Amino acid sequence: MSILMRAPQECGSWFWDLDEVAAPGLNSALVTAARMSEVLVRLELLTPAELKYGWYVLDAGTTGITSSLELATSLGDPSLPERLLGSRPVAFPDAEIDDVRVVGAGKWIDEAGKLHQEQRLIDLSVSPAPTGLSAELSVHHDIWGWYDFSGRPHPEVYRHNAPRLAAALKELSGLLGVPPEPGEPTYFGSATAEGLAVPDAYEDGLGPDLTGRL
């Protein structure tokens, strides 16, 4: 297996409420994203290449416009907030930046122990909302779970990858100073504090076949 199927919904997500440990605002959000990305880069789970971010107007809601910025410099570049704000849509001079998604590729390990690169292996976003800073990490592939999307166990793939996700969640929680809140279960999986929950097996030893919604 060298080609991964990506679920349209997350298989698991984790949310950090940083209201009590970090200031709100774009500068703080980008600093937080840079610190989190350092962990994910070291674990080869995400190498930031681009930022995507939407725009909203206070008391009016979203503008429906999404901007993107290629990362020619690091996430820690002090000029980055100004560059993001410089892309504000001219039709909405009062617009503010909504969630900032960090986009890039990561590496996963197949059953034979071979590394493969996959775009958006891990999704990371930070919210600079004035009501409080927050961050979220999510996964959309079956390599983190005991079963693949067709319901077949793939223990070697699981053993090669699931501990890496668990290590990332542990390190990120230590870095941020708060534990994550697992997101709501979806059709494709359910998050736990350390990774993905293992669904109950059927009598034939297989898990649920999820391919009908891929």
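This is a predicted model: local features need pLDDT of at least 70, side-chain atom pairs count only at pLDDT 80 or more; totals for chains, interfaces and linings use all residues.
Me: What makes the backbone at Glu-44 stand out?

Reply: Glu-44 has a positive phi of about 60 degrees although it is not a glycine. Its place is the loop between helix 1 and strand 2; helices (H or I, at least four residues) and strands (E, at least two) are DSSP runs, numbered from the N terminus.

Me: And Asp-59, why is that one called exposed?

Reply: Asp-59 has 80% relative accessibility, and the cut-off is over 50%, so Asp-59 counts as exposed. Asp-59 is found in the loop between strand 2 and strand 3 (61–70). Its phi is positive too, at about 70 degrees, although Asp-59 is not a glycine.

Me: What makes Trp-14 buried?

Reply: Trp-14 has a relative accessible area of 0%, so it is buried. This residue is found in strand 1, and its C-alpha is separated by 26 Å from that of Thr-63, 49 residues apart along the chain.

Me: How do you know that Ala-34 is buried?

Reply: Ala-34 has a relative accessible area of 11%, which is under 20%, so Ala-34 is buried. The residue sits in helix 1. Leaving aside residues up to four places away in sequence, Ala-34 touches Leu-75 and Gly-76, where contact means heavy atoms within 4.5 Å. Ala-34 and Val-102 are 68 residues apart in sequence and 9.5 Å apart in space, C-alpha to C-alpha.

Me: Which residues have the most contacts inside the largest nonpolar core?

Reply: They are Trp-16, Leu-51 and Leu-137, in a core of 53 residues. Helix 1 gives the largest share of this core, 8 residues. What makes it a core is the rule: buried Ala, Val, Leu, Ile, Met, Phe, Trp, Tyr and Cys residues joined through side-chain atoms within 4.5 Å.

Me: Why are helix 1 and helix 3 called roughly antiparallel?

Reply: Their axes come within 10 Å and cross at roughly 150 degrees. Over 145 degrees counts as roughly antiparallel, so helix 1 and helix 3 get that name. The contact of helix 1 with helix 3 has 7 nonpolar, 1 polar and 3 charged residues; Ala, Val, Leu, Ile, Met, Phe, Trp, Tyr, Cys and Pro count as nonpolar, Asp, Glu, Lys and Arg as charged, and the others, Gly among them, as polar.

Me: Which residues meet there?

Reply: From helix 1 come Thr-32, Arg-35, Met-36, Val-39, Leu-40 and Arg-42, and from helix 3 Ala-168, Glu-171, Leu-172, Leu-175 and Leu-176.

Me: Why is Pro-153 called partly exposed?

Reply: Pro-153 has a relative accessible area of 36%, so it is partly exposed. Its loop lies between strand 7 and helix 3. Not counting residues up to four places away in sequence, Pro-153 touches Trp-146, Tyr-147, Gly-205 and Leu-206. The C-alpha atoms of Pro-153 and Ala-33, 120 residues apart along the chain, are separated by 34 Å.

Me: What makes Glu-111 partly exposed?

Reply: With a relative accessible area of 40%, Glu-111 is therefore partly exposed. Glu-111 belongs to the loop between strand 4 and strand 5 (115–119).

Note on methods. Residues are numbered from 1 along each chain as its sequence is written. Side-chain values use heavy atoms; hydrogens and water are left out. Buried means under 20% relative accessible area, exposed over 50%, partly exposed in between (1.4 Å probe, protein chains only). Axes are lines fitted to C-alpha atoms, for helices over the stretch in contact, and angles run from 0 to 180 degrees between N-to-C directions. Angles under 35 degrees count as roughly parallel, over 145 as roughly antiparallel, 65 to 115 as roughly perpendicular and the rest as oblique.
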